[in-house]
Amino acid sequence: MTEQLPQLVNKEEVDYVLQCVDDLLVILRFGRQDHIDTQRMDGLLQSTAPLLANMATVWLVDEEQVPVYKEYFGIKHVPAVLFFYNGQHIKCDFGTPDHSKWVGLFQRKQDFIDLVEVR
């Protein structure tokens with residue numbers, strides 16, 4: 001049986017993870033459990049988390065439970081994936097005007113793995 005990805009349910013938990021996880025890429029998925037694209041993204045993240053365990057840790061955040069971060073990061077569409085390293089937000093050029101997060105689904109599992117490996 002596959003272990004579920006951990007969920008952060010309030011601002012304090014998100015803050016703790018961002019401050020205390022060192023030397024691993026922290027991947028936060030913001031979304032809503034009842035949204036089909038969020039469910040698909042969670043499946044992709046669930047299947048890739050063990051493959052990336054030496055370099056990254058994945059956490060799920062319900063955007064409605066942590067509205068301060070939803071507003072701060074300008075999350076208007078879900079799922080949105082943000083990357084952090086040693087507490088610092090990593091901005092990435094995804095070929096879109098917004099460099100602060102990935103919005104939507106990855107086309108393939110390997111696309112996500114490749115992105116994490118180059119960060």
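Start by selecting Y69, Y72, F73 and F84, which ring pairs link into a cluster. You are looking at a predicted model, and its aromatic pairs number five. Zoom in on Y72 and F73: their ring centres are 4.9 Å apart and the planes stand at 80 degrees, so this pair is edge-to-face.

Next, select W102 and F106. This aromatic pair is stacked, with 4.5 Å from centre to centre and 5 degrees between the planes. W102 is partly exposed, at 22% relative accessible area. F106 has a value of 9%, and because buried means under 20%, F106 counts as buried.

Now hide the side chains and follow the backbone. Most residues other than glycine have a negative phi, and most peptide bonds are trans. The next stops are worth a look with that in mind.

Select D23, in the loop between helix 1 (11–20) and strand 2 (25–31). D23 is not a glycine, yet its phi is positive, at about 60 degrees. D23 is also exposed, with a relative accessible area of 55%.

Move on to N86, in the loop between strand 4 and strand 5 (88–90). N86 has a positive phi of about 50 degrees, again without being a glycine. Its relative accessible area is 35%, which makes N86 partly exposed.

Finish at V78 and P79, which are joined by a cis peptide bond with omega about -5 degrees. P79 lies in the loop between helix 3 (67–72) and strand 4 (80–85).

Note on methods
Residues are numbered from 1 along each chain as its sequence is written. This is a predicted model: local features need pLDDT of at least 70, side-chain atom pairs count only at pLDDT 80 or more; totals for chains, interfaces and linings use all residues. Side-chain values use heavy atoms; hydrogens and water are left out. Helices (H or I, at least four residues) and strands (E, at least two) are DSSP runs, numbered from the N terminus. Buried means under 20% relative accessible area, exposed over 50%, partly exposed in between (1.4 Å probe, protein chains only). Rings of Phe, Tyr and Trp (its six-membered ring) pair if their centres lie within 6.5 Å; planes under 30 degrees apart count as stacked, over 60 as edge-to-face and the rest as tilted.
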